[in-house]
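I am opening a notebook page for this structure. Below I keep what I looked up, entry by entry, with the cut-offs beside the terms.

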Amino acid sequence: MTQAFLAADTTTINLKQGWSTIWTPMSTALGGVAKLMLALGVLLVVFAVAKFFWDKRRGGGGQGAGAIAWTGIVGCILAAPGLLFPMLLGVFDSVANAVIKAWQAAFGK
């Protein structure tokens with residue numbers, strides 16, 4: 001089971017590749033729906049951020065903040081499988097592998 005989380009050399013963590021192994025067949029089976037989800041999610045997040053700053057600029061940052069937040073949340077959920085999960089897993093891989101290398105350098109294998 002732990003082999004699924006390790007790279008080919010079995011000394012580094014590679015969760016991003018594991019997610020790719022899961023998501024690629026699923027997105028292929030979904031056809032264009034996965035790309036549509038990603039595009040809509042990114043557009044919703046960009047819209048929510050732009051709307052927030054536009055309202056801030058016009059002095060009405062407090063009104064409608066809940067609707068803007070929910071738009072951003074829905075956008076993040078739609079964009080998560082194709083964009084956010086790989087980014088977050090890549091960052092986690094980098095941090096975890098740096099900690100492992102530091103541990104190995106300090107205490108040996």
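**Contacts and overall make-up.** I began with contacts (heavy atoms within 4.5 Å), and I noted that, among those in the protein chain with a separation of 6 or more, residues 24 or more positions apart account for 69%. I reminded myself that this is a predicted model, in which local features need pLDDT of at least 70 and side-chain atom pairs count only at pLDDT 80 or more, while totals for chains, interfaces and linings use all residues. Residues are numbered from 1 along each chain as its sequence is written, and side-chain values use heavy atoms, with hydrogens and water left out.

I then looked up the secondary structure, taken as DSSP runs numbered from the N terminus (helices are H or I with at least four residues, strands are E with at least two). The protein chain has 3 helices and 0 strands, in the pattern α-α-α along the sequence.

**Surface.** Of the 109 residues of the protein chain, 19% count as buried, where buried means under 20% relative accessible area, exposed over 50% and partly exposed in between (1.4 Å probe, protein chains only). The accessible surface, from the Shrake-Rupley method with a 1.4 Å probe and, for residues, only the protein chains shown as cover, comes to about 7700 Å², of which 74% belongs to carbon and sulfur atoms.

**Aromatic pairs.** I searched the whole structure and found 4 aromatic pairs; rings of Phe, Tyr and Trp (its six-membered ring) pair if their centres lie within 6.5 Å, and planes under 30 degrees apart count as stacked, over 60 as edge-to-face and the rest as tilted. The rings of tryptophan 19 and phenylalanine 85 have centres 5.1 Å apart and planes at 90°, so I recorded this pair as edge-to-face. Because tryptophan 19 lies in helix 1 (residues 15–30) and phenylalanine 85 in helix 3 (residues 65–107), the pair ties together parts 66 residues apart in sequence. I also noted that Trp19, Trp23 and Phe85 form one aromatic cluster, and that phenylalanine 85, at 36% relative accessibility, counts as partly exposed.

Tryptophan 103 and phenylalanine 107 form a tilted pair, 4.5 Å centre to centre with 50° between the planes. Both lie in helix 3, 4 residues apart, about one turn of the helix. Tryptophan 103 counts as exposed at 56% relative accessibility, and phenylalanine 107 counts as exposed at 59%.
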